[in-house]
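Below is a brisk tour of one model, from charged pairs to sheet and helix. Keep the viewer open while reading.

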Amino acid sequence: MKLIYPLQRNAWFVEADNAWYRITDDAQVNIALTALPLHAVDEFQQAEQAHHAGTATVNMTNENTVTVSLFEPDGQPVDTLSVLLDEHSLTRVDWLTGKYRDGWVNASCRLQLDGLQQFELHGYLPPATGSDGKILTICNEAEGTTTEVFLKRNQCNVIPLLRDSSIDSQTLILECEPEATDSNADARLLGFVLIDKPAEAA
């Protein structure tokens with residue numbers, strides 16, 4: 001869940017489950033700015049137009065919790081979500097390209113990290129005849145660095161992406177050789193299976 005500000009218009013939205021819910025109250029926008037990571041969007045550059053699903057209200061439940069309520073256009077409630085205001089509340093991991101619903105990530109993908117000092121992924125490669133693993137290249141655009149990690153097959157691999165970083169917002173590019181698959185059954189260029197993503201706020 002994040003706060004969306006489209007650059008082409010003066011409006012604020014909560015994004016949840018790939019849908020936008022508009023906040024119409026200025027005071028509630030100010031509350032949302034303290035609790036949700038902000039993402040400015042150029043709608044002209046989006047591959048797909050956002051789904052405008054309804055409206056949102058944002059309120060302080062207590063000094064440590066913000067409640068976000070989502071509604072359909074006719075006012076019917078969709079969901080109510082709570083955000084705990086702690087050191088992790090304004091961190092964000094956003095897969096810009098290449099992450100699939102079944103856990104695989106593309107052989108070439110991009111992700112944006114905000115408010116994080118330490119970050120790593122855990123990845124898995126299934127067994128393959130004649131291969132014990134492959135190299136994953138990680139390019140950090142903000143720092144101008146490139147590192148390599150060898151991913152071994154049939155085990156959990158730790159993929160360090162950030163170590164004591166002082167840069168608030170960073171974009172990373174991950175690239176590796178695609179897995180050998182039957183292109184008729186699956187045309188995707190598969191990189192590895194994402195297990196989880198531990199993080200530590202800055």
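## Salt bridges

D186 and R188 form a salt bridge, with their closest N and O atoms 2.9 Å apart. The term covers a side-chain nitrogen of Lys or Arg within 4 Å of a carboxyl oxygen of Asp or Glu. Salt bridges with shared partners join D102, D186 and R188 into one network.

The model is predicted: local features need pLDDT of at least 70 and side-chain atom pairs count only at pLDDT 80 or more, while totals for chains, interfaces and linings use all residues. Residues are numbered from 1 along each chain as its sequence is written, and side-chain values use heavy atoms, with hydrogens and water left out.

The structure holds seven salt bridges. Three of them are listed here.

| Pair | Closest N to O distance |
|---|---|
| D186 and R188 | 2.9 Å |
| K2 and E15 | 3.6 Å |

Helices (H or I, at least four residues) and strands (E, at least two) are DSSP runs, numbered from the N terminus.

How accessible is D102? D102 has 45% relative accessibility and counts as partly exposed. R188 is also partly exposed, with a relative accessible area of 24%. The classes are buried (under 20% relative accessible area), exposed (over 50%) and partly exposed in between, with a 1.4 Å probe and protein chains only.

K2 forms a salt bridge with E15, the closest N and O atoms being 3.6 Å apart. K2 lies in strand 1 and E15 in strand 2, so the pair ties together parts that are 13 residues apart in sequence. Both K2 and E15 are buried.

Seven strands form an open sheet with mixed pairing, in the order 4-1-2-3-5-6-7. Strand 4 (38-41) and strand 7 stand at the edges with a single partner strand each, so one side of each is left without a neighbour in the sheet. Neighbouring strands are turned by 35 degrees against each other on average, direction ignored. Two strands pair if DSSP finds at least two bridges between them. Strand 6 and strand 7 run antiparallel and are joined by seven bridges.

S69 is found in strand 6. Which residue of strand 7 stands opposite S69? That residue is T80. At 14% relative accessibility, S69 counts as buried. Beyond its neighbours within four places in sequence, S69 is in contact (heavy atoms within 4.5 Å) with T55, A56, T57, D79 and T80.

Which residues of helix 1 are buried? In helix 1 (residues 26-35), they are Q28, V29, I31, A32 and A35. Seen down the helix axis, these residues fall within an arc of 160 degrees, so they line one face of the helix. The arc is that of the directions from the axis to the C-beta atoms. These buried residues pack against strand 1 (2-6), strand 2 (12-16), strand 3 (19-23), strand 5 (51-62), strand 6 (65-71) and strand 7 (77-84).

At the start of helix 1, a side-chain oxygen of D25 comes to within 2.9 Å of the backbone nitrogen of A27.

Q28 belongs to helix 1. Q28 is buried, with a relative accessible area of 15%. The side chain of Q28 reaches the backbone nitrogen of V58 at 2.9 Å. Leaving aside neighbours within four places in sequence, Q28 is in contact with I23, A56, T57, V58 and N59.

## The loop at P178

P178 is found in the loop between strand 14 and strand 15. P178 counts as partly exposed, at 38% relative accessibility. Apart from neighbours within four places in sequence, P178 is in contact with A107, K134, L189 and L190. How far is P178 from V83? The two are 95 residues apart in sequence and 38 Å apart in space, C-alpha to C-alpha.

How values were computed. Polar contact = N/O pair within 3.5 Å; in protein donor to acceptor, adjacent residues only side chain to side chain. Axes fitted to C-alpha atoms, helices over the stretch in contact; angles between N-to-C directions.
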